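Please look over the following briefing on side-chain contacts and strand pairing. The sequence and the model come first, and the notes follow by topic.

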Amino acid sequence: MEENKREERPVSYSATESTHVLKYEDINGQGRLFGGRLMAWIDETGGMAAMRHSGCHVTTAAVDNLQFKRGARLNDTVVLAARVTYVGNTSMEVRVDSYLEENDGRRYPINRAFLIYVAVDENGDPVRVPYLLKIESESEKADWEGAMLRKENRRIRRQEGF
Ligand SMILES: CC(C)(COP(=O)(O)OP(=O)(O)OC[C@H]1O[C@@H](n2cnc3c(N)ncnc32)[C@H](O)[C@@H]1OP(=O)(O)O)[C@@H](O)C(=O)NCCC(=O)NCCS
């Protein structure tokens, strides 16, 4: 498919939220949210955004960056917000922000992650993402520029043998 034939979808088209009230099975030995559980939710929520944007099956290719900023405890409400930040040929970068949400609606960041998903066919082979990303705001522009920087950093790290 020619590049100029790809239609655009706005970031809002695929923006995805998921909400979790922390239960005993989500908690580790220190009484805080188990990091691996949060990582699974991040991957699921991010994957949903990539699937909605592309309309394709997707697979997780990489977690570029994932930072735990603050813990959460039993019965806390954790909200994950995912949005596509960059679309390449077959890959998409998705940013997932995780928050602790208080009863009054205030949100406190607990994690930020960037993941790369690849659109795949029924055999698991990469296919072109049918839609480019329509950038509509300054923050979306900043996300896109950050994604380009992370892409370049990955290229340098590959050269360094990581
Ligand atoms: C992800 C996967 C489909 C990529 O297949 P591949 O044959 O390596 O494909 P390519 O080298 O052509 O890369 C395809 C795209 O993915 C990107 N990509 C591949 N590996 C990447 C990585 N480690 N980090 C960032 N991007 C990556 C490429 O840059 C390319 O992007 P573009 O098409 O937008 O330019 C393949 O490696 C795979 O199936 N991995 C396992 C995925 C999986 O099982 N995930 C679940 C984990 S439990």
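Contact here means heavy atoms within 4.5 Å. This is a predicted model, in which local features need pLDDT of at least 70 and side-chain atom pairs count only at pLDDT 80 or more, while totals for chains, interfaces and linings use all residues. Residues are numbered from 1 along each chain as its sequence is written, and side-chain values use heavy atoms, with hydrogens and water left out.

- Glu 140 lies in helix H3, where helices (H or I, at least four residues) and strands (E, at least two) are DSSP runs numbered from the N terminus.
- Glu 140 touches Val 11, Lys 134 and Ile 135, when residues up to four places away in sequence are not counted.
- Although Glu 140 is buried, it has no salt bridge, and the nearest side chain of opposite charge, Arg 83, is 6.3 Å away.
- For these terms, buried means under 20% relative accessible area, exposed over 50% and partly exposed in between, with a 1.4 Å probe and protein chains only; a salt bridge is a side-chain nitrogen of Lys or Arg within 4 Å of a carboxyl oxygen of Asp or Glu; and Lys and Arg count as positive, Asp and Glu as negative, with His and the chain ends not counted.

**Aromatic rings**

- The structure holds one aromatic pair, a pair being rings of Phe, Tyr and Trp (its six-membered ring) with centres within 6.5 Å, called stacked for planes under 30 degrees apart, edge-to-face over 60 and tilted for the rest.
- The ring centres of Tyr 86 and Trp 144 are 4.7 Å apart and their planes stand at 50°, so the pair is tilted.
- Because Tyr 86 belongs to strand S4 (residues 77-87) and Trp 144 to helix H3 (residues 138-159), the pair ties together parts that are 58 residues apart in sequence.
- Tyr 86 is buried at a relative accessible area of 10%, whereas Trp 144 counts as partly exposed at 26% relative accessibility.
- Arg 9 lies over the face of Tyr 131, 3.6 Å from the ring centre, and the charged end of Arg 150 sits over the ring of Phe 114, 3.6 Å from its centre; the criterion is NZ of Lys or CZ of Arg within 6 Å of the ring centre and within 35 degrees of the ring normal.

**Strand S6 and its partners**

- Strand S6 (residues 107-120) is mostly covered, as 10 of its 14 residues are buried.
- Strand S3 (residues 57-68) and S6 pair in the antiparallel sense over 10 bridges, where pairing requires that DSSP finds at least two bridges between two strands, and Thr 60 stands opposite Tyr 117 in S6.
- Strand S5 (residues 91-101) and S6 also pair in the antiparallel sense, over 11 bridges, with Val 94 opposite Leu 115 in S6.
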